[in-house]
Amino acid sequence: MEERESLLENADSSSEENQTSNDPGWKDELNLAEFPIAALTDRIPDGQTTLVFEDRLELRDSPPIIRRLTIMGTHKHGLPTSLDDEVLVGLIQLTKRRSNFTDARVPFSRYELIELLGWPQSGQSYRRIEEALHRWVGVVLMYENAWWDNNAKSWVDEQFHVLDNVTLYDRERWRRSSARAAKTGKGSSSKTEKPPLPLSSFRWNEVIFQSFQSGNLKQLDLELYLKLRLPTTKRMYRFLDKRFYRRIRLDFDLRTLACEHIGLSRSYAPTELKRRLKPALEELEQLGFLEVLSPEERYSYVKRGTWRIILIRGRRGPAEPDEELSSEPATLVDALRSRGITAKTAQDLVASHPATRVRTKLEVFDWLIRNEDKRVGKNPAGYLVASIRADYQEPGDYRASTEAAATAQGARAKRATAEAKAADDKATAEASARSDKDREAKLRAAWEKLPTDQRDAILATVKADNPGLGRWKNMLEPLCLAVLETRLRDLKTASNQPLLFSETDPIE
């Protein structure tokens with residue numbers, strides 16, 4: 001289960017991020033990516049000032065623990081919303097840009113933050129930034145066994161405000177007042193001129209800033225994040241991007257993922273949870289972050305009210321194959337890169353080893369990942385490279401499972417053939433029934449067009465051939481129509497003249 005997460009895995013994840021903390025890329029704090037810290041909407045119900053999220057963490061060598069996050073807003077400013085969460089992501093990037101996480105106080109301008117987030121430079125955006133900053137100063141986050149202390153390598157309890165203080169300077173208002181002073185003659189001398197206003201600033205709380213400094217960070221594709229349309233998608237992207245560390249496949253309890261890590265309502269039934277997640281999943285699939293899966297592949301039934309959801313990491317963007325590579329090698333290079341191997345190493349492997357070996361090792365690697373085999377636990381990409389270079393033998397249980405899969409595939413093929421034949425037979429029967437119905441309708445129309453004496457003659461013939469049916473009209477009608485059909489065909493064949501039916505509209 002992908003909810004199972006050891007202390008060692010957390011340590012490995014943050015230590016790698018620490019090694020790359022000086023790179024120019026964008027960042028996300030790992031604790032803030034684990035649980036929602038804001039509502040998914042931008043409108044909170046009146047009077048609601050608390051949100052609670054929790055899950056059960058299974059540890060490898062210790063008893064399971066319950067992790068819980070309580071978010072408490074103020075009565076004046078309320079709980080943080082989806083746009084506030086986006087602003088917080090922007091503040092993390094400003095901190096990286098200003099001091100590379102060496103100073104808890106960060107000078108900034110609202111103009112710069114709005115540009116970073118891709119919002120319109122409008123009064124509404126400025127007011128929205130100000131509201132978000134006020135909320136983050138007032139909001140209290142209370143983590144119970146849910147805050148990862150990267151120095152202690154342990155889950156701890158922490159309770160803190162996100163921001164300790166915010167200082168905002170209204171530079172536009174300052175310019176207007178300076179202009180008015182200049183017009184009235186006040187402040188015209190150099191002694192009374194107002195000095196330029198400093199930048200606005202905010203200061204991180206000590207707890208979260210220490211987490212920054214300890215390297216408890218991960219890379220964030222900010223361009224992809226800001227491209228996402230839905231708050232649900234943005235929340236899901238940050239959480240899954242963290243959990244996909246050294247993994248290509250994740251398996252969660254549906255309710256735990258949707259309610260405790262994405263933020264959907266616990267009152268939703270599984271069917272509604274799937275419906276609410278669908279747009280976010282489709283958006284991430286379209287951008288290549290997730291592999292496209294059918295509902296049958298995505299969800300698996302456990303018991304009444306309980307489902308599991310499968311998520312497989314996608315390529316996350318267009319490939320950049322060497323132009324000299326042919327189609328098949330380029331495809332293999334892409335496949336290796338999607339599994340964590342660098343572009344140069346992937347090209348070297350494809351160029352120096354048979355394509356059949358590379359394909360086989362990819363299939364075995366994917367099988368090991370699906371079965372959470374310990375051989376690929378610490379360094380999956382490294383194992384895949386070594387298996388190609390050293391031509392590792394296929395595991396015995398993989399061969400057995402492959403044979404079983406082939407047998408199952410054969411059975412599925414037979415079943416599909418039988419189902420296809422049954423469908424063809426059903427379609428043929430339905431077509432025949434429609435044809436009989438059309439023929440009968442045409443015969444009835446022809447019967448109505450017959451002179452009365454001809455209808456009486458046919459009826460008399462049928463009664464003579466079927467004594468005892470004279471009083472049963474429903475039984476006589478089909479017999480009369482059959483006689484009419486025979487006479488019409490005989491007459492048409494003998495005279496080769498069109499009668500009641502044209503050549504393009506035959507009975508059959």
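## Helix 16 and the residue after it

In this predicted model, helix 16 is followed by D391, a residue whose phi is positive, near 55 degrees. D391 is not a glycine, although its phi of about 55 degrees is positive. Its place is in the loop between helix 16 and helix 17 (396-449), and with a relative accessible area of 32% D391 is partly exposed, because this value falls between the limits of 20% and 50%.

Is F101 buried or exposed? With a relative accessible area of 4%, F101 is buried, whereas D391, at 32%, is partly exposed.

Strand 5 (residues 140-149) is joined to strand 3 (residues 65-72) by 5 bridges, and the two strands run antiparallel. Within this pairing, T70 stands opposite M142 in strand 5.

Strand 5 also pairs with strand 6 (residues 154-161), again in an antiparallel manner, and here 7 bridges join the two. D149 stands opposite S154 in strand 6. Strand 5 and strand 6 form a hairpin with 4 residues between the strands, and in this hairpin K153 takes a positive phi near 55 degrees.

## The nonpolar cores

The largest nonpolar core has 74 residues, and of these L91, W204, L240 and L311 touch the most other members. Helix 3 gives the most to this core, with 6 residues.

## Salt bridges

Side chains of opposite charge can pair when their charged atoms come close. The model has 32 salt bridges in total. In one of them, the side chains of R238 and D28 meet at 2.8 Å, taken from N to O. This pair links distant parts of the chain, since R238 is in helix 9 (residues 231-243) and D28 is in strand 1 (residues 26-29), 210 residues apart. Both partners are buried, because R238 has a relative accessibility of 2% and D28 has a relative accessible area of 0%, and the limit for a buried residue is under 20%.

In another salt bridge, the side chains of E112 and R97 meet at 2.9 Å, N to O. E112 lies in helix 4 (residues 110-117) and R97 in helix 3 (residues 82-99), so this pair ties together parts that are 15 residues apart in sequence. E112 counts as buried at 14% relative accessibility, while R97 is partly exposed, with a relative accessible area of 42%.

A further salt bridge is formed by R455 and E448, whose side chains meet at 3.9 Å, N to O. R455 is partly exposed, with a relative accessible area of 22%, and E448 counts as exposed because its relative accessibility of 57% is over the limit of 50%. Elsewhere, salt bridges that share partners join E34, D55, R67, K242 and R243 into one network.

## Cysteines

How many disulfides does the structure hold? The count is 0. C259 counts as buried, at 1% relative accessibility, and C480 is also buried, with a relative accessible area of 4%.

Definitions and conventions. Residues numbered from 1 in each chain as written. Predicted model: local features only at pLDDT ≥ 70, side-chain atom pairs only at ≥ 80, totals over all residues. Heavy atoms only, no water. Salt bridge = Lys/Arg side-chain N within 4 Å of Asp/Glu carboxyl O. Buried < 20%, exposed > 50% of the residue type's maximum accessible area, 1.4 Å probe, protein only. Core = buried A, V, L, I, M, F, W, Y, C linked by side-chain atoms within 4.5 Å. Disulfide = S-S within 2.5 Å. Pairing = 2+ DSSP bridges.
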